[in-house]
Amino acid sequence: MSAVTSRQTPTCDAAWHSMLAPDRQAAVLRIARDVAARVTDPGRIAATLSTSMEQTRFPKTLARRPYAVADGDAGLAVTCAYLDACLPGEGWDAVGHEFLTAATAGVEAAPAGMFGGLSGLAFATVSLSRDGARYRRMLAALDDALAPRAAAIGTRLSETSEPGPVSAFDLISGAGGIGAYLLTRDPHEMLPEILGGLVTLTREQEPPGWMTPSHLMGDEAMARLHPHGALDCGLAHGIPGPLALLSLALRAGIEVPGQADAVRRITDWLVAHRVRDDWGVDWPAVVPLTAGGRPGRAASSRSAWCYGTPGVARALWLAAQALDDGVLGELALEALDAVLRRPARLRAIPSPTFCHGVSGLLHVVLRFAHDTGLFRQAVTELVDELLAAYQPERPLGYASLEPQGNSVDRAGVLDGAAGVVLVLLAAATDVEPTWDRLFLLS
């Protein structure tokens, strides 16, 4: 039966709390503690990094950058901050301090983005700072370094009429992720610069300003598949990331001229380009463009945070809250409901990890469940799926499953076991997972 039964979009203002039965909570916490101990063991991290090079079919993705939230020490610092909040008095803040110290290695060469640069390192520092009481000099230095880059990125988006790569505006590397940090902490008031650039990017034009020409896709296979360019629909790399940021800023009372109209334009475009399958509304990974610059036929995607309906639905939900649009909110709920009615084997997310796996879907569902009171049964089912994926014989307890089916032992937040720890703790404790601002889910 569908979880969405009313024309009125439900909301829930209750404090964060676990929706699991006590026995499941205990099982989840036991596994979370075990995996946390493994992913924060420097010797184990080094050993798995070495073996993972032999396991993977994508060796370039395993380059570990200490300052990166995605796969480096900064991400493990974020993990330790949440462990400390959920399990106070167990010394996780001290462990996090060690990772944060290690994360500064090579930071002089770091780009500005959230998952591989200064914004993410700054977010990790804030996470461990006990509401700004600690690491004041480090935070000030990071903010000072980030401010001119944020201003330049906002100006570039505002002044450039030619389409560019998704990394200019996306959540992973671009303005969307930088804005996510600035929405958390912005002493130099740079967020309006980013918001203004995104408003300009999304102005009315055909094709939309966020289209990616084939030669800027950064992937030869994608370029051959989309010779006339494409429009990215993933929360990680596409327009839903900027939509989530613009909407969260509106909800926080931070607004620049044209921002609400930009939110409406993006939502209208996403709604117009939805597809359907046997279970209901869905979104493609990309909308291809034809030789004439018109949208071509798009196909369904995986059901993940990074690409597919879960991430898009969350961005639409945040927009619905910002615009006070109950119909849009209902569509977001209908879309997530379709994902959950789709058989698990057909969601194309066999990995237990966050980016394109079960943990990411579970966390999206957790946020919706806490916002609405719906999808509680789905929370339990997805938690059970993660418990079943636990492999205590593996070095980190959880392994990333690549598209070809090979398992890779990875410690990081985005594609590794640390991301699973974060979601398990969010499901089993009463501590709000504010770390998910990284993923533009709150």
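This is a predicted model: local features need pLDDT of at least 70, side-chain atom pairs count only at pLDDT 80 or more; totals for chains, interfaces and linings use all residues.
Where does Thr 212 lie?

1. Thr 212. This residue is found in the loop that runs between α8 (191–201) and α9. Once neighbours within four places in sequence are set aside, the contacts of Thr 212 are Gly 164, Pro 165, Val 166, Met 217, Gly 229 and Ala 230.

2. The largest pocket: extent and centre. The space in the largest pocket comes to about 1,700 Å³. Its lining is made up of 46 residues, and those closest to the centre are Thr 61, Asp 219, His 237, Tyr 307 and Cys 355.

3. The largest pocket: contributing elements. Two or more lining residues come from each of α9 (220–225), β1 (230–232) and β4 (286–288). Strand β1 provides the largest share, namely three residues.

4. The largest pocket: composition. Sorted by class, the lining of the largest pocket comprises 25 nonpolar, twelve polar and nine charged residues.

5. The second largest pocket: extent and centre. A volume of about 490 Å³ is computed for the second largest pocket. Among its 21 lining residues, Ala 81, Val 126, Ser 127, Thr 434 and Trp 435 are the closest to the centre.

6. The second largest pocket: lining. Helices α3 (73–86) and α5 (118–127) each contribute at least two residues to this lining. The greatest contribution is that of α3, with five residues. By class, nine residues of the lining are nonpolar, five are polar and seven are charged.

7. The largest nonpolar core. In soluble globular proteins, nonpolar side chains tend to be buried together. Here the largest nonpolar core has 148 residues, of which Phe 115, Ile 194, Trp 305 and Phe 439 touch the most other members. Helix α16 (residues 417–428) supplies the largest share of this core, eleven residues.

8. Which residues does Phe 115 touch, not counting residues up to four places away in sequence? They are Arg 65, Ala 68, Val 69, Ala 70, Leu 171, Ile 172, Leu 414, Leu 438 and Phe 439. Phe 439, included in that list, is itself one of the core residues that touch the most other members.

Methods: Residues are numbered from 1 along each chain as its sequence is written. Side-chain values use heavy atoms; hydrogens and water are left out. On a 1 Å grid over the protein atoms alone, a cavity is a set of points where a 1.4 Å probe fits but cannot get out, and a pocket is an open set with protein on both sides within 12 Å along at least five of seven lines; lining residues have an atom within 4 Å of a point. Grid points are joined across faces, edges and corners, and a volume is the space filled by probe spheres set on the points. Helices (H or I, at least four residues) and strands (E, at least two) are DSSP runs, numbered from the N terminus. Ala, Val, Leu, Ile, Met, Phe, Trp, Tyr, Cys and Pro count as nonpolar, Asp, Glu, Lys and Arg as charged, and the others, Gly among them, as polar. A nonpolar core is a set of buried Ala, Val, Leu, Ile, Met, Phe, Trp, Tyr and Cys residues joined through side-chain atoms within 4.5 Å. Buried means under 20% relative accessible area, exposed over 50%, partly exposed in between (1.4 Å probe, protein chains only). Contact means heavy atoms within 4.5 Å.
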